[in-house]
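Here is a friendly note to read alongside the model.

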Amino acid sequence: MRFLHTADWHIGKKLHGYDLLADQKDSIEKIIHLAQTEAVDAIVIAGDLYDRSVPSVEAVEMLNQKLIEINLEKALPILAISGNHDSSGRLATGTPWFKQTNFHLHTQLKEAFVPIEMADTQFFLLPYFEPIAARLYFEDETLTTIQAAMKRVIAEMVPLFDETKKQVLVTHFFIAGGLRTDSETPIEVGGLNSVPADLLDVFDYVALGHLHSKNALKKGKARYSGSPLKFSLSEINDEKGVWIIDTEQMQPVFHPLTPLREMEKLEASFEKLRQPTFYQTLNRETFWQIVLTNRAVIPNMMNQLREVYPYILSVERLNGREASQPQQERPREQNPQQVVSTFFEEITGETLTEKQFAWLSEGLQSALDTEKRD
């Protein structure tokens with residue numbers, strides 16, 4: 001059989017405050033199209049379907065719509081697990097009915113010991129779990145680390161292997177030797193909770209989720225699919241996509257995905273960035289990391305740039321900034337919020353976000369109320 005391996009959809013995630021639902025919907029649609037074009041027999045989702053344990057209504061509606069399209073409209077089996085960002089309890093709602101349409105979603109440790117058999121393959125769906133779940137399931141208080149728990153879990157799986165079939169593990173953990181990006185949430189402390197790679201050697205293929213780069217692990221039979229979208233500037237040069245595996249050869253083939261909005265780095269002077277002859281040659285819907293060659297202080301810099309480039313993720317200075325000139329006395333008509341906002345922009349080169357401005361206003365109001373009481 002042939003199956004598609006993806007993970008870390010993080011539906012509902014925002015990128016530096018920008019909503020990604022349209023981008024995520026587009027990436028899933030491209031995964032569905034690829035699955036049909038490549039005639040796969042199932043889609044594997046190795047955890048972190050949502051970005052938060054309590055996702056927004058919009059995130060839930062979009063994911064539900066796409067899962068219906070995959071499983072009911074296209075009749076493609078789904079093999080999925082919960083990740084460390086998912087709420088296993090909420091995600092499990094409806095699973096007794098899902099299985100009737102070959103939608104296998106495992107969110108509890110005990111479910112990992114019931115392999116899903118399709119054609120020539122046994123799939124072991126092992127969701128993310130904390131060591132306490134293993135201690136309770138096995139009634140063994142010595143299982144205090146993920147290493148110890150995983151060793152026991154895999155030992156429990158091996159007797160279930162059918163020698164006439166291939167064995168695929170689907171799980172969501174940090175495997176020792178994996179390389180991180182900035183958009184992952186750590187699930188280990190000092191390496192104590194990473195999983196030794198050699199524990200996985202008993203499987204013919206290990207479909208991993210958690211790390212967001214397909215290149216995060218280059219060892220043995222385990223592969224991270226990586227996230228289908230770039231979720232941080234540390235991933236700016238990372239190629240996103242999915243793996244397709246034919247169980248006859250067990251040789252994963254990577255298929256890149258083109259995002260709705262790319263993430264790129266742009267180095268130029270402020271003046272050049274504002275020239276129509278320059279920016280009209282660019283796709284201004286791109287997520288930009290801008291590197292300014294100017295050293296001088298530029299008043300209202302961020303707002304001026306956002307007039308042209310609406311999706312700026314960061315602005316850096318190639319050669320630093322010139323020392324600020326002595327501050328002129330602020331006009332007396334400026335209120336405290338304006339003074340602080342202007343100072344913040346001159347120092348950082350960025351404007352306050354709506355949330356930061358709200359915090360500022362609350363803090364100033366609290367100080368004013370305290371002054372009145374005193």
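**Salt bridges in this model**

1. K30 and D26 are separated by about one helical turn, being 4 residues apart in helix α1 (residues 21-37). Helices here are DSSP runs of H or I with at least four residues, strands are runs of E with at least two, and both are numbered from the N terminus. Please keep in mind that this is a predicted model, where local features need pLDDT of at least 70 and side-chain atom pairs count only at pLDDT 80 or more, while totals for chains, interfaces and linings use all residues. Residues are numbered from 1 along each chain as its sequence is written, and side-chain values use heavy atoms, leaving out hydrogens and water.

2. The side chains of K30 and D26 form a salt bridge, 2.8 Å from N to O. The term means a side-chain nitrogen of Lys or Arg within 4 Å of a carboxyl oxygen of Asp or Glu. By this rule there are 13 salt bridges.

3. D26 is buried at 15% relative accessible area, whereas K30 is partly exposed at 28%. Buried means under 20%, exposed over 50%, and partly exposed in between (1.4 Å probe, protein chains only).

4. K230 pairs with E262 in another salt bridge, with the closest N and O atoms 2.8 Å apart. This pair links distant parts of the chain, 32 residues apart: K230 lies in the loop between β11 (222-224) and β12 (241-246), and E262 in the loop between β13 (253-256) and β14 (263-268). K230 is buried at 15%; E262 is partly exposed at 27%.

5. E235 and K240 also meet through their side chains in a salt bridge, at 2.7 Å from N to O. Both E235 and K240 are buried.
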